[in-house]
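I am opening a notebook on the charged side-chain pairs of this structure. The sequence and model come first, then my entries.

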Amino acid sequence: MIARNKKTIKKFMLWIFIAVLAMTVFLGVSIYFSDDTGDIYYQGFFSSLKIATLISGLIAVITLKKYVARGMSRKTFFKDSTLSIVMISLYSLLLINVFGWILNKVPALAGQILTSEYIENMILLNASAFVAALLFYYVGLTIYFSFRINGWFGTLVSIVLGGFTGYMSFTDMLLNNPGLYFLSAGAAALIFGYLAFRTVTAAYIKI
Amino acid sequence: MTLKIENVDLKIKKDTILTDISLELEPGKIYGLLGRNGAGKTSLLSLIASYRKVNAGNITLDGKKVYEQDDVMQHINFLYNPKDTSAENDKVTEYIESGMIFRNDFDKEYAYRLLDKFDIDTGKAYSALSQGQQAAVTATLGLASLSKVTIFDEVTNGMDAPTRELFYSEVLEAANREERIIILSTHIISEMEHLFDDIIMIHKGQVLLHEPTYELLEKGYTVAGKAERVRAFTENKNVINVKFLGALQIDTVLGRVTPEEMDIAADEHLDISPLKLQEMFISLTDKQKDGK
């Protein structure tokens, strides 16, 4: 839906811009008053991005229903929704970094936000956050559609993936060892991407 | 362009919903899909629209499988009134735009003409419309899609009488203008029987009959008059339904009435009239008569 409707794309971009701007102000104020390091900036944003894509996966059935109702296959929905998540994540990461750079220019916060001096680290950090966002979308899809297959199966999948996503959300690995995080999240995204594809393409549409 | 349903079975969990359904639907015809509640009508329509996958058999349009094929699904449009519309906050105009984005054949001008005829405020959100107006928007999206296979599943529910009449005339016009397969699933049989070219009756998950309407209605007649005279007239005939209206008895009979019988009926002051589809439907799907 998002990928095909220009008006929806514009609406989404505007909302993301407002959300990132509001969160930048909030995090900037938090860093200033707590005199914390800039880590909290990226941690806060990346966690929000992952939660947003997880929720997108959990409620994606609404869009899937509209896709099939308008004569599009589940496969096309999967491709389009993945593309939407990729675009949203890239756009969000761009805003996060631009706003982080601006925040870093504020005299009271100068040097507190991680920026250009760690350029390689920043690229890896962003790449890891991007892959994690995609992974969390697939996890959301897998959880929802495993419930549609069977309630017990859904519960089991939720417990396993709940623990997994909890670990991936709160581990320090993303900031301490983004390379390892990138590799593990990338491998998991491939596995869960495949699982999500299988469950979505087998899903029935309830009237 | 033919929609072929071949030996289709559908099971949901342990329940058998449809068994060995085989139908062939031709363009330029309006099909009336009739069946009692829970007969399997909506399930069959869901399969045609790829909402579900068949457990056995095939559904093809022009020889191409329907399920999960974008180029085929594009030509099938399944319209129904959603149960919960509280989250449908898009404006009516956005529904039309969505139709244009997703359906290549969608006729925007025709859609707006129809909405105007149905007296719909296009600036309003779908959820803010009355049930009947929502149904009219749904009907508009189906008609204006120009889809080769257009399925209306009880879309007239909630529409007032003038709106229903307008919908019926638009369906007839649409079927005549474009070579489309239009399937109307309904419980308002008496009001819609004049629309149907063919009747498909589903009962307990199986096709009970699939015949042209005129042929079906020629298969029987009703006799009305004083009870004892009607009983005498229909004795030894295949009476499928008996109704009483005070001192009057109305028998529904399967079979043709001969000229001699017409004379007898006139002498006995009996009124012979063509079979009513609804009468036939009730009789054929009567639970009491199952298996008889």
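**Salt bridges**

The model is predicted: local features need pLDDT of at least 70, side-chain atom pairs count only at pLDDT 80 or more, and totals for chains, interfaces and linings use all residues. Residues are numbered from 1 along each chain as its sequence is written, chains are lettered from A and ligands numbered from 1 in the order in which they are written, and side-chain values use heavy atoms, without hydrogens and water.

**Between chains**

I looked up B:Glu68 and found it paired with A:Arg74, the closest N and O atoms being 3.1 Å apart. This pair crosses between chains, from the loop between strand E5 (64–65) and helix H2 (70–73) of chain B to helix H4 (residues 74–105) of chain A. Helices (H or I, at least four residues) and strands (E, at least two) are DSSP runs, numbered from the N terminus. I then checked burial (buried is under 20% relative accessible area, exposed over 50%, partly exposed in between; 1.4 Å probe, protein chains only). B:Glu68 is buried at 8%, and A:Arg74 is buried at 0%.

**Within chain B**

B:Glu173 and B:Arg177 form a salt bridge at 3.6 Å, N to O. Both sit in helix H6 (residues 161–177) of chain B, 4 residues apart, about one turn of the helix. B:Glu173 is partly exposed at 41%, as is B:Arg177 at 43%. I also noted that these two are linked with B:Glu178 and B:Arg180 in a network of salt bridges.

How values were computed: A salt bridge is a side-chain nitrogen of Lys or Arg within 4 Å of a carboxyl oxygen of Asp or Glu.
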